[in-house]
Amino acid sequence: MSLTPVSDPSGLLERAPRLAELLPDAALSEALARGDAWAVHSVLSRRLEREPSGPARALLTALVEDRGAFVIAARPPSSSSLLGTGVRWKGAPPRGVPPNAPFVAERTVTVLGIPVWPLDGYLVRADGQGVLQVIGQVPPSPGRSRRRALSLAGMAVGLCALAGAGGMWLEARGMRTVTVINGLSRPVDVRIGGEHWVVAPGTQEQGRVKLGDDLLRAVTTWPGQTPVIEDVVLPVDGERLLYNVKGVAMLEGTAPSKGPDPDVRPLQGSAGALLDNEELRVVYRDWESTARAHAEAGRWQLAGRVAAAVAEAEPGNSRARELAARALLIVDAQAPSSLPDELRWRNTRDFARMLMHTWQEDLGAQSLAQDLMAFIGRGSEAHARYLEHAAQHPDSPLAALYLQRASPPSPGTAEAVAAYQALAARFPDSPEVNRAWLEARWRFELGEPRSLGDGERQAYAVETARLAQSLAQKHPPDTLEALELHVRILLRAQLRDAATALVRRHGQDARHRTWDFLVLAGRTAAAAGPEHTSYVMRDWVPPLLARMPERMAMLALLTGERSPKEAELAAVTTPVERAVLRLTRDTLLNPKRALEEAVGESEAVLSRLDPEVSALLALELTRVGDARAKNVFNASLPLMLARAPLRNHVLSLSRATGPELLRLAPGLRAAATLVHARRDAPEGHPVFTERLDGLARMDALGGFAVRAAGPWMRRAFDACMDAKVAQPLPPGIHLTGATAEEQARGEDDREGRRRSCEARIVTPTGLPLPRATATATAGNANGADP
């Protein structure tokens, strides 16, 4: 025996001294050290099963059968019976022992006095009056499992038919049919009860789940990840349950009615149930279609709720963020103006706060949150939040970048360039910080600083391009926003080969070939020219998109490849797509007709326009004082956020660019510059009063404002040519006869006004006179507005 004393906190060696004869034994020593009497008995039982015949086996048998030595404290159990049916004690003290000696008795379920199911064993003592005093609970007897098996077999034979029928009834009563619909953009992992599904985007799965004692919960995660996206409790009242992940798919319950049309009940929210007479109808399987349907019906609160739910769940879903922000801005803007800002902008504020706290590593989400907070006048709150975040993460380049963007100085100034340069020196290995520095330099150069001459401006642009190339070699742009910034910087420095090479490298990854990338690639190729372009944008068009003629026509129109003819527009079967194509084309070729069409279009059409197209239409309507410009502004989130600086610039008499305008995208700035140039002359017709050759420098990709400059200048020139300008006469003088006729002929001489109109409209722009438009309207041979 080992000389090391065995730990025995429960005193088992004192109650059963012969246990010491079995030592040393590792399992037995461990069980003794835990003080678990039943664990010691279990160790002895397992050892007895494999112990060969001999003194040790006889000792093990005696110890295992002496269950009273392994008693543990337990609450006295209840036992009652009626007419021999119930729970009764079974057991008696051995012969020859004193009357008060303890013995082992078992509780047994009996039916009419017949034991049918042995329960637990206890160490008891009789008090002489037939009442048993419970001392404690003892381990199960070795034969209890066998007796239970025999009892169970006997009961199974007698209750087989009854148990089968009852089990089927209980099983059917405790089961529910569940349909899971995934309207998100990614597959989800859904667990309900004991069932598990991986549901692809835009699909549904169905199964049967069993109700338990707990609530029936639907727990959703991304496949292979542990963070929970959604955890909801499903109702159990109905037989057919529905789980709409994040509530973003549009569902309806249809039931027969007395009329020709069925009764329809919208099924909103994540959890629901179908009525007995209802059938499920999935109206829209994807969140974007659901949000658009709500928006086009004017249900902006529901549209914002759906898009915000997706924006909170899906990382990097910029489309959901923009739709949610736009819908919530419209909801808050419809609130009474008398409300305090704390209440009026609460939906937008809560959404911006969600973005700030949920997606702290997403630069796009934080930029949108900052824009929203600035728009509703809570820029100080955003600055305080980013100040706190930067203090918590002093070594994070993104935290420092967020704080700098929320702090002065304004973009487009030399102070902003210096601030971002200092930030880049602090985080030299951060591509986001260095890219922000490049953007500050680029915006400063585009802001027409008075301190730079033409030569200095070009040298500054070339130096910015050199820094951009160096950064692209270390950190190639991985987002479309970063790629567009690099391309604009390179094109501004006339490095066309480098710009197209960067686009080609980005487009080699098929995952990057989105619609916006195709538009960027096409515009870059058009700006660089075929001799500097080493790719064909059409080769990157996905097969599904290539089979959609209306989308291919829009792609050609947005990239400047060609404009669709009337026959092509007539062949488009979808009225919305046809209206979008026509309105986009007319903005470039026939601005007057485009303005007439825009004021009467629906949300479905206006929301699908390119932001630069919407900007030209909304700003021109603003310039002429049409209140319907608000509808066009509200159709695009970039326009909603930029409405104040754009409107102020268009209505201003000065051509100076304010700091707020420098924050905007080049296409929006170019649109404001073009519309601002169309000032009203004293004679009552629009005149270009400032140079427009700066548009090409402002928007190196040749966006809509640059391409529209020619047709819009032609519109102003034709209006000037068509306007009759009366020659003023001194007071009291009236012409008669041949003199009056000559005066009238001079006023009607359209060609005689050409020199004056060219001097006042064409010459100041620095652009050649565009060709006359092919369309004509009654009373105006050139199609211009009088």
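Let's start with Asp-509. At 23% relative accessibility, Asp-509 is partly exposed. Keep in mind that this is a predicted model. Asp-509 forms a salt bridge with Arg-511, and the closest N and O atoms are 2.8 Å apart. Arg-511 counts as exposed, because its relative accessibility is 71%, over the 50% cut-off.

Now the wider count. There are 38 salt bridges. Another one of them joins the side chains of Glu-561 and Arg-538, at 3.1 Å from N to O. This pair links distant parts of the chain, 23 residues apart. Glu-561 sits in the loop between helix 21 and helix 22, and Arg-538 in the loop between helix 19 and helix 20. Glu-561 is partly exposed at 45%. Arg-538 is partly exposed too, at 33%.

Some salt bridges share partners. One network joins Glu-342, Arg-349, Asp-350, Arg-353, Arg-378 and Glu-381. Take Arg-378 and Glu-342. Their side chains meet at 3.0 Å, N to O. They lie 36 residues apart, with Arg-378 in the loop between helix 11 and helix 12 and Glu-342 in helix 9.

On to the strands. Strand 2 and strand 3 pair antiparallel over five bridges. Val-87 stands opposite Val-109 in strand 3. Strand 3 also runs antiparallel to strand 4, with eight bridges. There, Thr-108 has Pro-118 in strand 4 as its bridge partner.

Last stop, His-294. Is His-294 buried or exposed? It is buried, because its relative accessible area is 9%, under the 20% cut-off. His-294 lies in helix 6, residues 287-296. Beyond its neighbours within four places in sequence, His-294 contacts residues including Met-250, Trp-300 and Val-306.

Definitions and conventions. Residues numbered from 1 in each chain as written. Predicted model: local features only at pLDDT ≥ 70, side-chain atom pairs only at ≥ 80, totals over all residues. Heavy atoms only, no water. Helix = DSSP H or I, 4+ residues; strand = E, 2+ residues; numbered from the N terminus. Buried < 20%, exposed > 50% of the residue type's maximum accessible area, 1.4 Å probe, protein only. Contact = heavy atoms within 4.5 Å. Pairing = 2+ DSSP bridges. Salt bridge = Lys/Arg side-chain N within 4 Å of Asp/Glu carboxyl O.
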